[in-house]
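I opened the file today to go through its strands, rings and charged side chains. My entries are kept in the order I looked things up.

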Amino acid sequence: TMSNRQGKSVENRTKNKSDTYTPVWNETFFFKNVPLTTMSIVVMDKDTFTSDDKLCDGFIDLQRALGRSRFANNVVVDLRHDGKSQGTARFDLEFVPQGSVDITVVNATGVTCPGETPDPYVVVKYDGTKHKTEHVNNTNNPTWNAKFAFGSHDLQDIKKGVFKSDVVEFTVYDHDRFTSDDKIGEAKFELIALADKSEQRVALPLTGKNATGQLYIIAN
């Protein structure tokens with residue numbers, strides 16, 4: 001059981017396994033629109049003619065289990081009843097980013113281009129869509145404050161279980177009037193950072209050959 005972002009409890013349940021102390025389920029459940037907080041587990045004993053009995057319970061701290069990763073395999077949960085251990089349960093976890101994606105390219109500091117002061121601009125790519133800021137003339141510390149809406153994205157085809165992109169890519173270029181533009185550096189932002197906080201203000205180090213400086217963005 002988990003609570004979604006509207007505070008409503010969302011529950012999934014496995015099939016029952018008959019006459020066993022060591023059940024194996026291997027069932028997959030998808031919780032949509034939930035924050036990475038706590039997942040509660042309750043183990044019940046199914047009874048045919050009377051109400052089902054609670055055997056034990058436990059919980060998973062999802063933020064701790066996943067950390068900065070999208071996957072956590074073989075997570076062991078201690079199941080207890082009246083304070084006493086009643087065994088363990090094992091889970092594989094997978095985080096699937098969802099929702100609308102808005103990116104604001106705020107500014108950059110310390111960007112350089114060999115032999116000249118650059119006229120920087122940024123190309124932002126996500127899930128097959130590309131946006132570009134205006135270039136700023138003759139500066140190592142440009143400011144754009146350019147906001148791009150990438151729309152609503154469900155980053156997993158739920159029926160097929162196929163992942164799409166979950167990384168936003170940034171490339172900083174030096175605008176040249178008469179020749180091809182030179183690449184200054186690149187950066188990436190992983191959407192898992194938005195899992196438990198709807199807005200992130202991030203400084204992204206620029207990488208690449210001779211790349212210097214940082215790119216500052218807002219993601220929500």
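The entries below concern a predicted model, and they go from a sheet to its rings, then to charges and cysteines.

**Entry 1. The sheet**

I began with the strand order. I found an open sheet of 4 strands, in the order β9-β8-β13-β14, with antiparallel pairing. Which strands stand at the edges? They are β9 (129-132) and β14 (182-190), and each has a single partner strand, so one side of each is left without a neighbour in the sheet. I noted an average twist of 20° from one strand to the next.

**Entry 2. Strand β8 and its neighbours**

I then took β8, which covers residues 120-126. Towards β9, I counted 4 bridges, and the two strands run antiparallel. Two positions went into the notebook for this pairing: Tyr-126 has Thr-129 of β9 as its bridge partner, and Val-124 stands opposite His-131 in β9. β8 and β9 form a hairpin with 2 residues between them. In that turn I marked Asp-127, which has a positive phi of about 50°.

Towards β13 I found 6 bridges, again with the strands running antiparallel. Here Lys-125 has Glu-169 in β13 as its bridge partner.

Is β8 mostly covered or mostly open? It is mostly covered, with 6 of its 7 residues buried.

**Entry 3. Aromatic rings**

Next I looked up the rings. A pair of aromatic rings is described by the distance of the centres and the angle of the planes, so I wrote down both values each time. The structure holds 2 aromatic pairs.

How are the rings of Tyr-121 and Tyr-173 arranged? Their centres are 5.5 Å apart and their planes are at 20°; planes under 30 degrees apart count as stacked, so this pair is stacked. I checked the accessibility of both: Tyr-121 is buried, at 9% relative accessible area, while Tyr-173 is partly exposed, at 22%.

The other entry is Tyr-126 with Phe-150, an edge-to-face pair with 5.7 Å from centre to centre and 85° between the planes. Tyr-126 lies in strand β8 and Phe-150 in strand β10 (residues 143-154), so the pair ties together parts that are 24 residues apart in sequence. Both partners came up as buried: Tyr-126 has a relative accessible area of 1%, and Phe-150 has 7%.

I went back to Tyr-121 to see what lies over its ring. Lys-132 lies over the face of Tyr-121, at 5.2 Å from the ring centre.

**Entry 4. Salt bridges**

How many salt bridges does the structure hold? I found 4, and I wrote out details for some of them.

- Asp-57 forms a salt bridge with Lys-54, with the closest N and O atoms 2.8 Å apart. Asp-57 is partly exposed at 29% relative accessibility, and Lys-54 is partly exposed at 44%.
- Arg-80 forms a salt bridge with Asp-78, with the closest N and O atoms 2.7 Å apart. Arg-80 is partly exposed at 35%, and Asp-78 is partly exposed at 36%.
- Glu-186 forms a salt bridge with Lys-183, with the closest N and O atoms 3.2 Å apart. Glu-186 counts as partly exposed at 33%, and Lys-183 is partly exposed at 48%.

**Entry 5. Cysteines**

Last, I looked for disulfides. A disulfide is a covalent bond between the sulfur atoms of two cysteines. The rule I applied asks for a pair of cysteine sulfur atoms within 2.5 Å. By this rule I counted 0 disulfides.

Are Cys-56 and Cys-113 buried or exposed? Cys-56 is buried, with a relative accessible area of 5%. Cys-113 is buried as well, with 9%.

Terms used: Residues numbered from 1 in each chain as written. Predicted model: local features only at pLDDT ≥ 70, side-chain atom pairs only at ≥ 80, totals over all residues. Heavy atoms only, no water. Buried < 20%, exposed > 50% of the residue type's maximum accessible area, 1.4 Å probe, protein only. Pairing = 2+ DSSP bridges. Axes fitted to C-alpha atoms, helices over the stretch in contact; angles between N-to-C directions. Salt bridge = Lys/Arg side-chain N within 4 Å of Asp/Glu carboxyl O. Phe/Tyr/Trp six-rings, centres within 6.5 Å; stacked < 30°, edge-to-face > 60°. Lys NZ or Arg CZ within 6 Å of the ring centre and 35° of its normal.
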